[in-house]
Amino acid sequence: MSDSRPPVTLDTWKALQYAAIGVGSYGVVRCMWAGVRYLIQLEDLKDLPRPEKLLPIVDAFGQHFSDFYNAMRDPKDPTRFHKVVNIGPSFNLGQAISINDPDMIAAVLEDNETFIKPPTSAIKEIIGNGLALSTGAVWHRQRKLLTPMFHFSALKDVSVIMAANCKQTLDRIHQTIKDKGAFECTRADLGELTLSIIIDSAFSRSFDHDWMVWAWQRIFAYPVAFFLGRMMVGPLWCRLPIPSGGGVRFHRQQIAAKIRQEMVIRRKERADGVDTHTSRGSEGGKDLLDELIAVDGIPDEMIVDEALTFLLAGHETTASVVTWAMYFLATRRDVQDRLQSELDSVVPAGETITFDAIGRLDYLRCFVKETLRMYPPVPFVGRVATKRTHVGTQVIPKGTFVWLSAYAVHRDSTYWDEPDTFKPERWADAALREAAKEFNGETPSRRGLRHTHSFIPFGAGPRNCIGQKFALLEAQVMVASLLRDFDVSLPPDYPPVIAGVAPTLVPMGLKVHLTERKKNVAAV
Ligand code: HEM
């Protein structure tokens, strides 16, 4: 019997045409939908002020940072900022707004469900599902498990590691000054020190420390190429044989493998009853890896992700605040003198800068806080609205990219006297009490501030910075160590410094001079 059906032929060309039409139509529908959504959002936000002559969002990065924020000031009173500003189309094709009002910022950051962290798949390549990116029940559990690691007793242990690392850096600087007369200190030098501290705090000196610093620096050697490439090309980017793609993935895998190996060794030591942290050569007590291993029920992969999260979140930010601290020291000799004299009376040269000593350095605490107020390393944090909602009287359309701008509230005269002036003494307890009373009547805010959310360098709400006490301690130990031995200065013709986001807020290209402290030289 013959088969009368026509033979099945695969017309490849036609199939490709249909596929192209399918993909093309999908693309057109998506673009049209994005356009409609954009217009709907625009309608809701039409009454908001918009900064002119600046590129939406793009100008917030790099050297136009200050102009970008200055454009959000209220022309009727330029010492204040508009509460909400439309800053134009955002990366997710929606509208982006900057919220510059502490009450509204508090409302957004407290509502973890309506306002979620923006999808950050590029960073996920490095820190996996660590605390900074996880959501929902997983985040709740992680946060609960990790919070005790930043308690008082753990920080006391870590302060010893911080002081030991600073000592090594000081030795290197002394040597350079001896050879060359001065040490030119840059953000890169301070970043290397904070990286070294976080590596030691997380893993003691159990790995080849220098290798770890090197591998981690390879991961961040090309941040812009990595972020842009990963965002536009997707996961494939991290498989291409280029340093900012496959190179990042390769070094991440190498570090993860070392952490896994170390976990095996430490678990065996624990099982054998070996006193692990002293045998490992750490000069402090338990490190973060010890603490993570000690918690029951954390899967190995999560330990790796958390360790990498701490490495990422914990060094660049602190390096930024100490770089600004160096800038203020160099430009304010009066502040430097006062800090040095406080140091001389509390921890004279030769004594270790301990956790307890840091607690007695009141002016140093005020100095670091004022530095964080003037130049918060994370000047804004982002959230995306998952539904159309209201914050105060402002409608926020679904999909809006919301910036919560610490930089603006830190510089608004509603909450600060002379907000653009560097005045560490405003943080003295008595001054805080007075300011809070003047603003709030007889019920000053809990933190002694004029408004509890007028100082938010570490974010706010349930997802605030878990490492903030660690960071404050570290910044104080670093400044105290450097200042006790060295004088900080800038050459007389140094150009005005430019603040730029790269990727934290830094004084771009700053180089300060460190020389032996005059008093020490005289004493020799
Ligand atoms: C001056 C130094 C630091 C600054 C300015 C800073 C700032 C911040 C800010 C603003 C957030 C909130 C982000 C958001 O709401 O989207 C945050 C979160 C976080 N920070 Fe820090 N940070 C610093 C140091 C550290 C250190 C030393 C560590 C760890 C050792 C750390 C670990 C984290 C983690 C894990 C989160 C995510 C918390 C969560 O989502 O539950 N940070 N940080």
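This is a predicted model: local features need pLDDT of at least 70, side-chain atom pairs count only at pLDDT 80 or more; totals for chains, interfaces and linings use all residues.

Reader: Okay, how many residues surround the ligand, and which are the closest?

Author: The ligand is surrounded by 24 residues, with G314, T317, G459, C465 and G467 as the closest; a residue is near a molecule if its C-beta atom, placed from the backbone, lies within 6 Å of it.

Reader: And which helix gives the most to that shell?

Author: Helix 13 does, with seven residues, and both helix 13 (300-331) and helix 19 (468-485) supply at least two residues each. Helices here are DSSP runs of H or I with at least four residues, numbered from the N terminus.

Reader: How do the shell residues divide by type?

Author: They divide into 14 nonpolar, seven polar and three charged, where Ala, Val, Leu, Ile, Met, Phe, Trp, Tyr, Cys and Pro count as nonpolar, Asp, Glu, Lys and Arg as charged, and the others, Gly among them, as polar.

Reader: Staying with helix 13, at what angle does helix 7 cross it?

Author: The axes of helix 7 (residues 187-203) and helix 13 cross at roughly 145° and come within 8 Å; axes are lines fitted to C-alpha atoms over the stretch in contact, and angles run from 0 to 180 degrees between N-to-C directions. The residues of this contact divide into 10 nonpolar, six polar and two charged.

Reader: New topic: which residues of helix 8 are buried, and which are exposed on the other side?

Author: In helix 8 (residues 209-219), M212, W216 and I219 are buried, that is, 20 or more other C-beta atoms lie within 10 Å of their own, while exposed means 12 or fewer, with C-beta atoms placed from the backbone. These buried residues fall within an arc of 45° seen down the axis of helix 8, so they line one face of the helix; the arc is that of the directions from the helix axis to the C-beta atoms. D210, W211 and W214 are exposed on the other side.

Reader: And E418, where is that, and is it buried or exposed?

Author: E418 is in the loop between helix 17 (406-410) and helix 18 (429-440), and it counts as exposed because it has 10 C-beta neighbours inside 10 Å. Although E418 is not a glycine, it has a positive phi of about 40°.

Reader: Why does L482 count as buried?

Author: L482, which is in helix 19, counts as buried because it has 23 C-beta neighbours inside 10 Å.

How values were computed: Residues are numbered from 1 along each chain as its sequence is written.
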